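I opened my notebook to look up a few places in this structure. Here is what I wrote down as I went.

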Amino acid sequence: QKVVEGGKQSELEAMCRDWPFFSTRLGMLEMVYSKADLWLAEYYDQRLVKPELWALGSELRKLLAADINVVLAIAKDSLLMADLPWIAESIQLRIIYTDPLNVLQAELLH
């Protein structure tokens, strides 16, 4: 993000296009980001964290959202995993089962 703010986004875009290592690294970040649920992290905060610490979780979620936007901008995509839709679909299908389990876990821990 600092490189983009420094006015060198075009260089990162060229690296993404021309350097397999860099492109693969961004793809790995997209995979991790695709599995992150910002709403679920907030739910865990609300159920399990002292209210005076909620600001920290909120700040971390804002940073994550900003990082996701930077990766999408560099890759020139509008959605995470746009170049591998079958993986994105697989993650979405898995979420149908894992989200209720995560909510149940937060409730049981509460």
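Predicted model: local features only at pLDDT ≥ 70, side-chain atom pairs only at ≥ 80, totals over all residues.

**Loop between α5 and α6**

I started with Lys76, which sits in the loop between α5 (54–75) and α6. I looked up the backbone of Lys76 and found a positive phi of about 55°, although Lys76 is not a glycine. Is Lys76 buried or exposed? Its relative accessibility is 63%, so Lys76 counts as exposed, as the cut-off for exposed is over 50%.

Next I went to Met81, which also lies in the loop between α5 and α6. Met81 has a positive phi of about 65° and is not a glycine. I then checked its accessibility. Met81 has a relative accessible area of 2%, so it is buried. Buried means under 20%.

**Helices α4 and α6**

I turned to helix α4 (residues 38–48) and helix α6 (residues 85–109). How far apart are their axes? I noted 9 Å, with a packing angle of about 15°. Angles under 35 degrees count as roughly parallel, and α4 and α6 are therefore roughly parallel to each other. Their crossing is right-handed.

I listed the residues that meet. From α4 come Trp39, Leu40, Tyr43, Tyr44, Arg47 and Leu48. From α6 come Asp99, Asn102, Val103, Gln105, Ala106, Glu107 and Leu109. I sorted this contact by class and got eight nonpolar, two polar and three charged residues.

**Asp45**

I stayed in helix α4 and picked Asp45. With a relative accessible area of 15%, Asp45 is buried. Which residues does Asp45 touch, not counting those up to four places away in sequence? I found Trp54, Gly57, Ser58 and Arg61.

**Phe22**

I moved on to helix α3 (residues 20–35), where Phe22 lies. Its relative accessible area is 17%, so Phe22 is buried. I left aside its neighbours within four places in sequence and looked for contacts. Phe22 is in contact with Leu12, Met15, Cys16 and Ile74. I checked one of these pairs by distance. Phe22 and Leu12 are 10 residues apart in sequence. In space they are 8.9 Å apart, C-alpha to C-alpha.

**Confidence**

Last, I looked up the pLDDT. The mean for the protein is 94, and 100% of its residues reach 70 or more. Which element has the lowest mean pLDDT? I found helix α1 (residues 2–5), at 90. The highest mean belongs to α4, at 96.

Methods: Residues numbered from 1 in each chain as written. Heavy atoms only, no water. Axes fitted to C-alpha atoms, helices over the stretch in contact; angles between N-to-C directions. Helix = DSSP H or I, 4+ residues; strand = E, 2+ residues; numbered from the N terminus. Parallel < 35°, antiparallel > 145°, perpendicular 65-115°, else oblique. Left-handed = near helix turned anticlockwise from the far one by under 90°. Contact = heavy atoms within 4.5 Å. Nonpolar A, V, L, I, M, F, W, Y, C, P; charged D, E, K, R; others polar. Buried < 20%, exposed > 50% of the residue type's maximum accessible area, 1.4 Å probe, protein only. pLDDT = per-residue confidence, 0-100.
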